Structure formats: C-alpha cells, structure tokens
Amino acid sequence: MSHMMIRRRSWVPYALMVPALLYLAVFFVYPLLEAFVLSFRGEGGRFTLEFFRQMAGDTYFRGAVRNSFLLTLLVVPLQLIIALLISLIVNTRFRAASTFLYICAIPLGISDLAAGLIWLSVFTERGYLNTILGGLGLTAQPITFLTPERLDWLYGAIVVTEVWRATAIVMVILVAGLQLVPRDYLEAADVFGARPWQKLWRITLPLLMPSLQAALMIRTILALQLFATVITLSGRLVPVLAGEAYFWYSTYRNFHVASAYAVLIMVISFLITFLYLRLLRTKAEALA
Amino acid sequence: MTAARAKPLLWIGAAAVSAWVLAPIVLIGLASFTPRDALYTWPRPIIPEQFSLETFLFFFRSHGVLRSTFNSLLVAGITIVFALALGAPAGYALSRFVFPGRDGLRLSILATKMFPATILAVPLTVAFIRWHLYDTLLGVALVHTVLALPFTIIITSSIFVGVPAELEEAALTLGCSRAGAFRRVVLPMALPGLAASAIFTFVLSWNEVFAATILTLDNRTLPALIMNAIGSAGAPLDYRFAGGFFMIVPALVIIFLIRRYLMTMWGVTVR
C-alpha cells in the first residue's frame, strides 16, 4: 500500500461510503425501528403489548415456535455433515472435482419457493416417490404423504427439501475454508505415517473450525427465515415463524401482529448470534 | 496404499451426491413436459409416455405469468444498477483507503446480512404505502437493493483489492485525476468482477420471494405471483410444477455460464 494513499486524512473514502450508508439508513435501519414501533404502539401512540399478546394467543403460535426450532435442529446438522463430506471430496482434487463442485453448487441458484415445488413433485400423492414405491411393488395404492395425519412425513419432506436446497451455501464456506488448510501440515503428517482419519481429525477439522462455526451460525439464522418451502409442501399444516408473519400480513392484513413476528425473529436471531459468539468464541469477523 | 483403496469410494461418494442434487431437477423437468391429465393418473411412469408442451404452455399462458416474468427481469435490472451504483464506491473505499472507522463500518455492513427480507418487508410495506411505493416495481427493487448491497460491497471490495494500487498510482503520477485514474485504469481491470457481482445480484433478486410477495398486489414479480397462486389461490399441480421449473431455468443457465467464477463469487460473499 502506497504512502500517497494512506498518509492523507482524506474525505474521499467517507464521500464514497456515504451513499451506501444513507441508503442502508433509510431502507434498513428505519424499517428495523419501524418494526418495533408497529408492534409496540397501540391506539393514541401509547405503548402496548396487545399485539404480542395477540400473537402468543394465536392457535398457530406455539406450533410455529416449536417447528421453527425443531426444523432448525434437524436441518442444520445434516447440512453441516453433508457439506463437510462434499467439501472433503472436492478438496481431494480428484479428476472430476471441478465438475462435481459445479453440480453441488447448482442449488445456490434455486429459490426456496422453486425448491419446495421441485420436491412437491416428488412427495405429492401422484408424485415420483409413489411412482417409485409402486414400481418396486412396495405399495399397491399411492400414499398421501403430505397430510396432517402423517406429520412425520410432512416434516421429513421439509427437512429433505431444505437439506437439498441450502447445503450448497455451507459447502461454499467449507470449501473456501479447506483451501486455507496448509498442504505442508498434511504432508508432514504423511511423513510421520499418519492415517487419513488421523489427518482429518487432528489437522483438517481443527483448522476448519472457524469456517464450521461461521457456517453453523449463518445457517441457524437463515433457518429462521424458512418460509416458502414449508408453505409449498404443507400450506399451514406445519406453521413456522416467518410463515406466520406472511399469513398475518397477507391473509389478515394485520401489520401489527406481522411486525410482532418480525421482531420476534429479529430477537431470536440476535440471541443466537450472541450465544454462538460467546460459546464458540468465534471472531466477529468470521460471522461475515 | 490407502489412497488407492479410497479412490473408488471417492467416485462412488461423488456420484451419489451428484445424483442427489441432479435427480430432483430432472424430475421437475419431466413433470413440466408431461401432459396435464397424465400428471393425475395412477400408476404414472417416471418418464412420460409422450412428452408434451401442454403443461408448460398452460402455465406460461396463465394470467399474469408473462407480465410478471417481465416484471422480475425489470426489478432485477434496476436492482443491479442501484446495488452497483451504491455498493461499488463503498467497496472501493474499503479496499483502497485506511481511514478511522473503516473496520467498524465494514463489520456493520456485513452484519446487515443477518437481517434478511423477512424482518424488513412488513415494516417497509407500511412506509411504502406512505411513500407511494407500495405495489410498484421500483419499491421491490429498492428492497432487493438493500438485500444485495452488503454482498455487492464485499464482492467489489475484494475485486478492487485485486487491482494493483501501483497501477493506479502510476496513472496519478502521470497526471491523471483520481477519477480519471479510476475510469481509465481501475474500471477496465475490475469489469469482469463487477459483471460477476451483477450476476450474483440478478440471482438474488430473481429468487426473492418474501418481500416481493408482501410488497406487491397487482405488479407481481414471478415468485410473488406463483407464491400467491399457491398460498391463496390454490393453483393446480401442473401449474406448480411448470412454474417451479420455469423459475429455475434462468438460474441454471447463469450458474452454468459462470461456473468458473462460482467459488470466487459465493466464496467471497461468505467471508
């Protein structure tokens, strides 16, 4: 870096940043504050907990909280494991590694809505899963999987879809992280006769820890945004937090309760970030 | 040695994962080209007895599809322009200057990624009704710009880091103004990276469901239209399958075209 560029206390960088910062102030900070205003301000501008009471008293609320947490607990570990497997395969740099990486990255370009519809074609009553089961002679009649009587199947379908769709982003984080693991360490381990699993356990995984933690945190927070996947597969049979915000807004036209859900999601995201940073001692930089 | 023994295992694993990723895409493709009534028969073969454009055309000619596709493209276009116009200068500042508050600013910009559309959309709707932006494509593009901005700033800053400062200084010494040096030296070198950033923004905007659904009523983007058709209008299965397939095609094409830059791009966004 040159002296010319860093010596002067220049106004230039600030001027370059101002448009983006102003924009974020208007379209990011303001709505965050507005969410609190909408959800806490009652008639005549007085503070009220009425909308939160309405939210918590709704029949879907407890299910939404439970499902959001449960689905996160089911989906995120699976994504981490599969992504780790994929990135270890990529990292061997075998002959087809770049093609393999490309294939695994495809879901990066697919929305939660489209992913939900894709898997609907598998799990729906006249769908591909029934075709396969019937073709193998395992079932005589098509089974209705996506029904409230088969909650486990509904859950399973959502988990499968989310794992299929969003493992790619974890994989990208881990592949990038693996590239930072120095090859010499592994070669040194070879010299000392370490077995592959020893290298994995003693060298690769510890060095990959920051990436794993970052992936864990990002995925946990994004899992709270779960919305279109669930609605395409279950309608409102498996209510989730973001889905409830959508229904309260689009079906009931109630900004206040919808905002209360937004605030709830925000608070939970904050708490999760905070907990992860405390528990895992992730560097704040890694969360980015 | 172990490496030799691990080899077949490696290929089997890679093949299994590839099949897991690709099979559902093939299946939805098959479903979109199965005749409509065949989708409801039982038993139904995986590969339809005859391929037909019927299902796909039924979706494509459904009310609003053509227009909302155009809307989606327009919103993505506006978002790309806004995100680059606002984000590239900030990315440049973060990559080229050391100034008080830089790390704090960088971190707070990154932190905005933690608050996605779900949280912003509802309160923004209220503001947009007041500002006459509700149910406008501009309004949707403005929200998508917020979502894209942190990524654009991070991607562009990493791009500008890759353009040697020495070249820029040389231009300055040779009498270029700062703006001139930027335009003549930095910009041409950064162009491919900026294009990559634009593509990332396109995918983000094209795929965004929540904010687009909540912020529009008549001027739907494609995901908003389909979401609404499913959420409230109970669209038939053939509409859903063809719609799902139609939404993923552009993303598949784009990801294929930029496959060489994939890791650089998405890799940068998560750093």
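1. Contacts along chain B. Take the contacts in chain B with a separation of 6 or more. Residues 24 or more positions apart account for 72% of them. Keep in mind that this is a predicted model.

2. Make-up of chain B. The chain has twelve helices and zero strands. Read from the N terminus, its elements run α-α-α-α-α-α-α-α-α-α-α-α. Chain B counts 271 residues, and buried residues make up 58% of them. Along the principal axes, its C-alpha atoms fill a box of roughly 75 × 70 × 30 Å.

3. A helix pair across two chains. Two packed helices are described by the angle between their axes and the distance between the axes. Here the pair is helix 2 (residues 12-40) of chain A and helix 6 (residues 137-161) of chain B. They pack at an angle of about 135°, and their axes are 10 Å apart. That angle makes helix 2 of chain A oblique to helix 6 of chain B. The crossing of the two helices is left-handed.

4. Residues at that crossing. Which residues meet there? Helix 2 of chain A brings Ala20(A), Tyr23(A), Leu24(A), Phe27(A) and Phe28(A). Helix 6 of chain B brings Leu142(B), Thr145(B), Val146(B), Leu149(B) and Ile153(B). By class, this contact has nine nonpolar residues, one polar residue and no charged residues.

5. Helix 4 of chain B. This helix spans residues 102-111. Its buried residues are Leu105(B), Ile109(B) and Leu110(B). They cover an arc of only 135° around the axis, so they sit on the same side of helix 4 of chain B. What covers them? The cover includes helix 2 of chain A together with helix 6 of chain B. These are the two helices that pack at about 135°.

6. Helix 7 of chain B. Residues 165-173 form this helix, and its buried residues are Ala165(B), Glu168(B), Glu169(B), Ala171(B) and Leu172(B). Seen down the axis, they fall within an arc of 155°, so they line one face of helix 7 of chain B. The face turned away from the buried side carries the exposed residues Glu166(B) and Thr173(B). Just after helix 7 of chain B comes Gly175(B), with a positive phi of about 100°.

7. Positive phi at Arg93(A). Arg93(A) is not a glycine, although its phi is positive, at about 50°. Where does Arg93(A) lie? It is found in the loop between helix 4 (61-91) and helix 5 (97-105) of chain A. Is Arg93(A) buried or exposed? Its relative accessible area is 52%, so it counts as exposed.

8. Positive phi at Asp135(B). Asp135(B) is also a residue other than glycine, and its phi is positive, near 60°. Its place is in the loop between helix 5 (117-130) and helix 6 of chain B. Asp135(B) has 13% relative accessibility, so it counts as buried.

9. Ile25(B) and its partners. Ile25(B) lies in helix 1 (residues 2-32) of chain B. At 11% relative accessibility, it counts as buried. Which residues does Ile25(B) contact, leaving aside its neighbours within four places in sequence? From chain A come Ile106(A), Ile110(A) and Trp164(A). From chain B come Ile248(B) and Leu252(B).

10. A distance to check. Ile25(B) and Ser232(B) are 207 residues apart along the chain.

Note on methods
Residues numbered from 1 in each chain as written. Chains lettered and ligands numbered in written order. Predicted model: local features only at pLDDT ≥ 70, side-chain atom pairs only at ≥ 80, totals over all residues. Heavy atoms only, no water. Axes fitted to C-alpha atoms, helices over the stretch in contact; angles between N-to-C directions. Helix = DSSP H or I, 4+ residues; strand = E, 2+ residues; numbered from the N terminus. Parallel < 35°, antiparallel > 145°, perpendicular 65-115°, else oblique. Left-handed = near helix turned anticlockwise from the far one by under 90°. Contact = heavy atoms within 4.5 Å. Nonpolar A, V, L, I, M, F, W, Y, C, P; charged D, E, K, R; others polar. Buried < 20%, exposed > 50% of the residue type's maximum accessible area, 1.4 Å probe, protein only. Arc of directions from axis to C-beta.
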